[in-house]
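Here is a short briefing on one protein chain. Keep the sequence and the 3D view open while you read.

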Amino acid sequence: YPHRPYPRLLAHSGSEEQNPQPDQEYQRLPYSSSKRGSPGNKYSGCLANLTKEGSHWTGTRSNPLLSLHSSKFVSKRTACLIATGPSPAATEEPEMDLPKEIFLKDYKKPDYLFDTVDLEFQLGDEKTMVTSKIAVSPGNEGNSSPLTLHGCDLKLLSIKINGTELKSDKYTVDPRHLTILTPPAGVFNMEIVTEIYPQLNTSLEGLYRSTGNFCTQCEAEGFRKITYFQDRPDVMAKYTCRIEGDKTLYPVLLSNGNLIEQGDLEGGKHYALWEDPFKKPCYLFALVAGQLECREDSFVTCSGRKVTLRIWTPAQDLPKTSHAMYSLKEAMKWDEEVFGLEYDLDLFNIVVVPDFNMGAMENKSLNVFQSRLVLASPEAATDGDYAAILGVIGHEYFHNWTGNRVTCRDWFQLTLKEGLTVFRDQEFSSDLGCRTVKRIADVSKLRSYQFPQDAGPMAHPIRPLSYIKMDNFYTGQLLFLKYYALNRVYNNVN
Ligand SMILES: [Zn+2]
């Protein structure tokens, strides 16, 4: 996915038609969406005040609905600011906090590319230090524009360019950005050290700590809460990640790719060094550290490579992961047989924890799930639960190719990775279960969830023309079901 259980405020539809008022619209659910906004529509008069502009915060406060959204937004931000108190930047300059609309038509290639990213985390109870060493190259020939990095709730400790500390008049910092005013021409190295406070991060985006464990969620724009970065999917780099932490508190240290080194350090600490050999966008970065145990198994791929599979959970949940392991192995086999896609690393990790707000996430070789979606025991689980686990484990695994190795240029392309991957997981579930029953269940979901959304103020096309906050598009399964339905049309599956 990732997916969220409830929609969060507005996603701009991008269509020229006007959105109806929600309470009136609900009276004619679920089958009247095709008439929305048509001339002579009995609701059109009362919609006049909901202009395209006014429906997504950029107009004046005179519109009552707009004011409502604005105040909701402000209170959400306030909660976030309290939760991340130690970051002084976030509590200043309230003017800078106004949301900005992003348009598809404004897409521009990045001025700078990142070739390699070497991250170091020193995990701590009070604060976590993050060192990011990036090999930067110009995106365009002769480029000399400033290098602007995204950043949110970070305390900047130092910046070095080619090993030399950057003086404060050579860069600017605001609550959302760090801008290096005159970067060197050609290839250069940049080292940025920041301090973050995962134990206070209740947004559950970026790196956070919950019930003693560290966990990340970076899709769509969480990586900017870890370090300053060009947080956009078309900036793809090879990563290494070195994690250092207390050995008793955090015996397990996980990140993407292969574990290439680990060992003990002074003061009861230890470290692990991970290397991901494939380029990826930063939204697929992941780190998990804590007290977890694993169920281990293996899978031999079609070319004869043995892949180690590990599912990590708190100790008491381990017995409930056998169906998840079965589902993973079936998914790996099915993707080879049906799509000819073989897994590309020697290790695949899954983490299942109760504190994962996003539901499920396809981080490269380190999928993370909320316990509720994955754990099952014969005493308590129904057939439906087992089928759902098969589907969700398959979905995140299938993203390894549709989403991770082949990724999005920008977030307007979310539909490509999600629609195609939902299509793949539905086919997988149909092949392993009963195709007819699966189809009836999927159509029933579309009618129960997607039709009401499309008939209400959250309606939007699968590729919008603009957005303010990308998170608004992760609305439960709704969006992905619609993408999936479109993929079925493309594939001419009835
Ligand atoms: Zn997905």
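Two strands pair if DSSP finds at least two bridges between them. Strand 10 and strand 11 (residues 213-217) pass that test, with 5 bridges in the antiparallel sense. Bear in mind that this is a predicted model. The protein chain holds 7 helices and 22 strands. Of its 494 residues, 40% are buried.

**The chain as a whole**

- Take the contacts between residues at least 6 apart in sequence: 70% of them join residues at least 24 apart.
- Strands of a sheet pair through backbone hydrogen bonds, either parallel or antiparallel.

- Strand 10 covers residues 206-210.
- Strand 10 is mostly covered, since 4 of its 5 residues are buried.
- Which residue of strand 11 stands opposite Y208? That residue is C215.
- T211 lies in the loop between strand 10 and strand 11.
- The phi of T211 is positive, about 40°, although T211 is not a glycine.
- Is T211 buried or exposed? T211 has 11 C-beta neighbours inside 10 Å, so T211 counts as exposed. The cut-off for exposed is 12 or fewer.

- An open sheet is formed by 8 strands, in the order 6-5-9-3-2-12-15-14.
- The pairing in this sheet is mixed.
- Which strands stand at the edges? They are strand 6 (164-165) and strand 14 (258-264).
- Each of these edge strands has a single partner strand, so one side of each is left without a neighbour in the sheet.
- Strand 14 pairs with strand 15 (residues 269-281) in the antiparallel sense, over 6 bridges.
- Within that pair, L259 has W274 of strand 15 as its bridge partner.

- Another open sheet has 3 strands in the order 4-8-7, and its pairing is antiparallel.
- Its edge strands are strand 4 (147-150) and strand 7 (171-174), and each pairs on one side only.
- From one strand to the next, the twist averages 15°.
- Strand 7 and strand 8 (residues 177-180) run antiparallel and are joined by 4 bridges.
- Here T172 stands opposite T179 in strand 8.

**Helix 3 with helix 4**

- Two packed helices are described by the angle between their axes and the distance between the axes.
- Helix 3 spans residues 322-339, and helix 4 spans residues 383-398.
- Their axes come within 9 Å and cross at roughly 50°.
- Helix 3 and helix 4 are therefore oblique to each other.
- The crossing of helix 3 past helix 4 is right-handed.
- Residues of helix 3 in this contact include A324, L328 and M332.
- On the helix 4 side, the contact residues include I389, L390 and F398.
- By class, the contact of helix 3 with helix 4 has 10 nonpolar, 3 polar and 1 charged residues.

**Helix 5 with helix 6**

- Helix 5 takes in residues 414-432, and helix 6 takes in residues 435-454.
- Their axes come within 7 Å and cross at roughly 140°.
- What does that make the pair? Helix 5 and helix 6 are oblique to each other. The angle must be over 145 degrees to count as roughly antiparallel.
- Q426, S429 and S430 in helix 5 meet R435, K438 and D442 in helix 6.
- This contact has no nonpolar residues, 3 polar and 3 charged residues.

**Backbone details in loops**

- Where is there a cis peptide bond? The bond from E219 to A220 is cis, with omega near 0°.
- A220 sits in the loop between strand 11 and strand 12 (236-246).
- S365 is a residue other than glycine with a positive phi, near 60°.
- The loop that holds S365 runs between strand 20 (360-361) and strand 21 (366-370).
- S365 is buried, because 27 other C-beta atoms lie within 10 Å. The cut-off for buried is 20 or more.

How values were computed. Residues numbered from 1 in each chain as written. Predicted model: local features only at pLDDT ≥ 70, side-chain atom pairs only at ≥ 80, totals over all residues. Axes fitted to C-alpha atoms, helices over the stretch in contact; angles between N-to-C directions. Helix = DSSP H or I, 4+ residues; strand = E, 2+ residues; numbered from the N terminus. Parallel < 35°, antiparallel > 145°, perpendicular 65-115°, else oblique. Left-handed = near helix turned anticlockwise from the far one by under 90°. Contact = placed C-beta atoms within 7 Å. Nonpolar A, V, L, I, M, F, W, Y, C, P; charged D, E, K, R; others polar.
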